[in-house]
Amino acid sequence: GENVEQHPSTLSVQEGDSAVIKCTYSDSASNYFPWYKQELGKRPQLIIDIRSNVGEKKDQRIAVTLNKTAKHFSLHITETQPEDSAVYFCAASNTNAGKSTFGDGTTLTVKP
Amino acid sequence: GAGVSQSPSNKVTEKGKDVELRCDPISGHTALYWYRQSLGQGLEFLIYFQGNSAPDKSGLPSDRFSAERTGGSVSTLTIQRTQQEDSAVYLCASGRGRNTEAFFGQGTRLTVV
C-alpha cells in the first residue's frame, strides 16, 4: 500500500517568514495530493490540493509543488501569520484505491 | 445540515463495553472514511466505503472493530470489548467520490476508563 512520509514534524518560524513542508510517497500510481490544516481542537480542512497532471498550484500565500519523478510534493506558505499556526497534513491517493493515506503531520508555529 | 455530522461528540465508556459511533455524511457524497487520531498524533486510516463497492477494511486494527454504511448514507463504527488503547478521537469524513477532497466531521472523542 501507499506510504507517505512528512517532514519536519515541527516547524517554528517568525511572522512574515516562509514555511516549507515536504512529503514523499511510495506508490507511483498516486495522482491526487491534498493538504489539510487542523487548528487546535478542530477538524482537518482542505487548504489546497494538486493532481498529477500539474507541477505547481498557487492560492494567495499558499502553493504546492509536485515532482512525480522523485515522488515528492511540498507545501509553501509565504508571509506567514500567527493564524497559520496549526498542524498540517499531506496526503496521497490514487484512482484505484480511492482513499487518502496521510502523513504524520507538521506542527507549524508562527511567532509574532 | 451542510457538513458531516458525528455523534456523540464525547463518549466515556468502561473497559470491556461495546460502543457505537455514528456518522452522517454530506448528502450525495458516495465516499465515506473513518480515521482515528490519538492525542497529538496523525490520522490513522480505519475503513473506506465507496458507493456500492465492498468496503476497504484494511485499516481496522482488530476484529473488535467493525463498520457499516446503510443505504449508502449513515455509517456506524462499532468497537466491541473496548480497551484503554482505543481511547482517541474518531473522525469521519465524506467525499464526492474517489480521489476527491475529504470533508471531516468534528469527531467523537472516545475515552475508555
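## The second largest pocket

In this predicted model, strand 10 (101-102) of chain A and strand 5 of chain B each supply at least two residues of the lining of the second largest pocket. The space in this pocket comes to about 250 Å³, and of the 16 residues that line it, Glu2(A), Lys99(A), Ser100(A), Thr101(A) and Phe45(B) are the closest to its centre. By class, the lining has 6 nonpolar, 7 polar and 3 charged residues.

## The interface of chain B and chain A

Between them, chain B and chain A bury about 1600 Å², 50% of it on carbon and sulfur atoms. In chain B, the residues that lose the most area to chain A are Leu43(B), Asn99(B) and Phe104(B), which together account for 39% of what that side buries. In terms of contact, 20 residues of chain B meet 19 residues of chain A.

The count of salt bridges between the two chains is 1, and a salt bridge joins the side chains of Asp56(B) and Lys99(A) at 2.7 Å, N to O. Across the interface, 14 residue pairs are in polar contact. On the side of chain B that touches chain A, strand 4 (31-37) and strand 5 (44-50) of chain B are the elements that give two or more residues, and the largest share, 3 residues, comes from strand 4. That side has 9 nonpolar, 8 polar and 3 charged residues.

## The largest pocket

About 710 Å³ of space lies in the largest pocket, where Gln38(A), Gly41(A), Gln37(B), Gly40(B) and Arg109(B) are the closest to the centre among 35 lining residues. The lining divides into 10 nonpolar, 20 polar and 5 charged residues.

Terms used: Residues numbered from 1 in each chain as written. Chains lettered and ligands numbered in written order. Predicted model: local features only at pLDDT ≥ 70, side-chain atom pairs only at ≥ 80, totals over all residues. Heavy atoms only, no water. Contact = heavy atoms within 4.5 Å. Buried area = accessible area lost by both parts, 1.4 Å probe. Salt bridge = Lys/Arg side-chain N within 4 Å of Asp/Glu carboxyl O. Polar contact = N/O pair within 3.5 Å; in protein donor to acceptor, adjacent residues only side chain to side chain. Helix = DSSP H or I, 4+ residues; strand = E, 2+ residues; numbered from the N terminus. Nonpolar A, V, L, I, M, F, W, Y, C, P; charged D, E, K, R; others polar. 1 Å grid on protein atoms, 1.4 Å probe; cavity = no way out; pocket = protein on both sides within 12 Å on 5 of 7 lines; lining within 4 Å. Points joined across faces, edges and corners; volume = space filled by probe spheres on them.
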